[in-house]
Amino acid sequence: PADRAAKPARRQEPILPDADIRHLDAYQEQLYEEVMENKVSGAKRILRVCTDPQHLEIIADQESLLGVLSRELKENSKKSVELSV
């Protein structure tokens, strides 16, 4: 029907937010936050940084970041669907 064609397409939010490797420490700090939304935001931004192959070596050298990220994903993936995906 013509009614369906008339509706504008709903703009979908990007799955991963913009992120900059220069702010990696700030994203790591978000993982320590009590508010789950902040943890999810930090994890998503770290993932965004990891999507650039040039950054992988830098990330691999960040032992404390990888440790807290691993712990948060293990502990909170049951509390947040976004962290489990």
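**The contact of helix 3 with helix 5**

In this predicted model, the axes of helix 3 (residues 36–50) and helix 5 (residues 63–76) come within 12 Å and cross at roughly 130°. Helix 3 is therefore oblique to helix 5, since an angle over 145 degrees would be needed for roughly antiparallel and one of 65 to 115 degrees for roughly perpendicular. The crossing in which helix 3 passes helix 5 is left-handed.

The residues that form this contact can be named. Helix 3 contributes M36, K39, A43 and I46, which meet L65, L69, E72 and N76 of helix 5.

L73 and L83 are 10 residues apart along the chain, and their C-alpha atoms are separated by 6.3 Å.

I21 is found in the loop between helix 1 and helix 2. Although I21 and C50 are 29 residues apart along the chain, a distance of 8.9 Å separates their C-alpha atoms. When its neighbours within four places in sequence are left aside, I21 is in contact with V49, H55 and I58.

These details belong to a wider picture. The protein chain has six helices and zero strands, and along the sequence its pattern reads α-α-α-α-α-α. Of the contacts in the chain with a separation of 6 or more, 56% are between residues 24 or more positions apart. Of the 85 residues in the protein chain, 26% are buried.

Finally, a word on confidence. The protein chain averages a pLDDT of 88, and 84% of the residues score at least 70. Confidence is highest in helix 2 (residues 24–30), at a mean of 97, and lowest in helix 1 (residues 2–6), at 55. Where pLDDT is low, the predicted coordinates should not be read in detail.

Methods. Residues numbered from 1 in each chain as written. Predicted model: local features only at pLDDT ≥ 70, side-chain atom pairs only at ≥ 80, totals over all residues. Heavy atoms only, no water. pLDDT = per-residue confidence, 0-100. Helix = DSSP H or I, 4+ residues; strand = E, 2+ residues; numbered from the N terminus. Axes fitted to C-alpha atoms, helices over the stretch in contact; angles between N-to-C directions. Parallel < 35°, antiparallel > 145°, perpendicular 65-115°, else oblique. Left-handed = near helix turned anticlockwise from the far one by under 90°. Contact = heavy atoms within 4.5 Å. Buried < 20%, exposed > 50% of the residue type's maximum accessible area, 1.4 Å probe, protein only.
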